[in-house]
Amino acid sequence: MNHMDLADRYGARNYHPLPVMLVRGEGAWVWDHAGTRYLDMLSAYSAVNQGHLHPRIVAAARSQLDRIALTSRAFHNDQLGPFLQRLAALSGFGRVLPMNTGAEAVETALKAARKWAHTVKGVTMDRAEIIVANGNFHGRTTTIVSFSTEEQYRLGFGPFTPGFSSVPFGDADALEAAITPQTAAVLLEPIQGEGGVVMPPPGYFARVRELCSRHRVLLILDEIQTGLCRTGRTWAFEHEGIRPDGLCVGKALGGGLYPVSAFCADSELMDVFTPGDHGSTFGGNPLAAAIGLAALDVLVDEDLAKKAADNGTWFMEQLRGLRTPVDVRGRGLLIGVELAGPARPVCEALMARGILCKDTHRTVVRFAPPLVVARADLETAMNVIAEVMP
Ligand SMILES: *Cc1c(COP(=O)(O)O)cnc(C)c1O
């Protein structure tokens, strides 16, 4: 059996990958077994913003692998402090709690918000409520799927964690109506990536910020997909002129090499955690911290936010010139192309022409290449896209 068949034979069937097996990657490009080259326009769902195997990030990982990789948080390590300091400076928050996957960063945010409500805001114990948006995607744990509005993410996985309510994304009036004295937090994505690259209406987040402050409710943003320069700014919330109370970061924080995530907040919120409240065996390990620090340095030193903004504006203009799409939307290099019918056949046709991307929400093709992608490579891709969906 070949390797693809082995994965089908022995793996759980929780994915339906495109039939291409990748064996090598460099920058914005990946190669299959036969040596065929593809432009990666998915970037592992935006976990590869810095490109595949960025030499500086690989070098940081290699040099750390020659020293020590895992200590647990039972002891200090010499990589964690500088990494936390760097992410605190870049996010503008006073404190950072390192985890591994995005879902864990979200779980950390939910626990922080609940404990803050109970111990600081004065909500009756175990009554804290959190408001989310319809069409959200925050990960796959049982608590997180408890407040998904996607039928398939929930079906069969109950009983669910109580304490969540969901309102339409982009509707500030509905959000205000859902706030109660028990409300601890509002948890939102600045742009709903998995939901189909859904943009908020102008002014929405400014109103949400104002409502949260007025009702003493925390505003927590999940920037696991939109953060770290993807939308043309370091954080998508910068486009909205607001600052959240808590921030979930993941994906590209691991530089395309390793799972690294974090929850960032100021002391008033983060200090609800005391030793023993919360943790992770691998969170903040020296290998993760060394990689995370290099991942952040590359984003800043190569000005990948500006590259994403410039290339994204150009690419979206080109896509808007096509006849086929029903809608083209996004920011920076997080772009969704809505089609009249299923997007998967289009992704398969693009794959056959050397471009890898993935359908999301059935009718949307998401284009999210590594931010290091060269303009010339985007031009080549655009010619192919124009032939596949004129
Ligand atoms: C990918 C993603 C997550 C979950 O991250 P994992 O690392 O897969 O657990 C959470 N929120 C958003 C917005 C994401 O895009």
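Because the model is predicted, local features need pLDDT of at least 70 and side-chain atom pairs count only at pLDDT 80 or more, while totals for chains, interfaces and linings use all residues. Residues are numbered from 1 along each chain as its sequence is written, and side-chain values use heavy atoms, with hydrogens and water left out.

**The ligand site**

- A polar side-chain atom of D222 is 2.6 Å from a nitrogen atom of the ligand.
- A polar backbone atom of G102 lies 2.8 Å from an oxygen atom of the ligand, and a backbone N or O atom of F137 lies 3.4 Å from a nitrogen atom of the ligand.
- On its own the ligand has 380 Å² of accessible area, of which the protein covers 81% (Shrake-Rupley method, 1.4 Å probe).

**Helix 9**

- Helix 9 spans residues 204–214, and its buried residues are Y204, F205, V208, R209, L211 and C212 (buried means under 20% relative accessible area, with a 1.4 Å probe and protein chains only).
- Seen down the helix axis, the buried residues of helix 9 fall within an arc of 165 degrees, so they line one face of the helix; the arc is taken from the directions from the axis to the C-beta atoms.
- The cover over these buried residues includes helix 8 (172–178), strand 7 (183–188) and strand 8 (218–222); helices (H or I, at least four residues) and strands (E, at least two) are DSSP runs numbered from the N terminus.

**Two buried residues**

- E194 is located in the loop between strand 7 and helix 9 and counts as buried because its relative accessibility is 14%.
- The side chains of E194 and Q225 make a polar contact at 3.0 Å (a pair of N or O atoms within 3.5 Å; within protein, one must be able to donate a hydrogen and the other to accept it, and residues adjacent in sequence count only if both atoms are side-chain atoms).
- Leaving aside residues up to four places away in sequence, E194 touches Y45, F137, Q225, T360, H361 and R366 (contact means heavy atoms within 4.5 Å).
- D359 belongs to strand 14, residues 358–360, and counts as buried at 17% relative accessibility.

Note on methods
Buried < 20%, exposed > 50% of the residue type's maximum accessible area, 1.4 Å probe, protein only.
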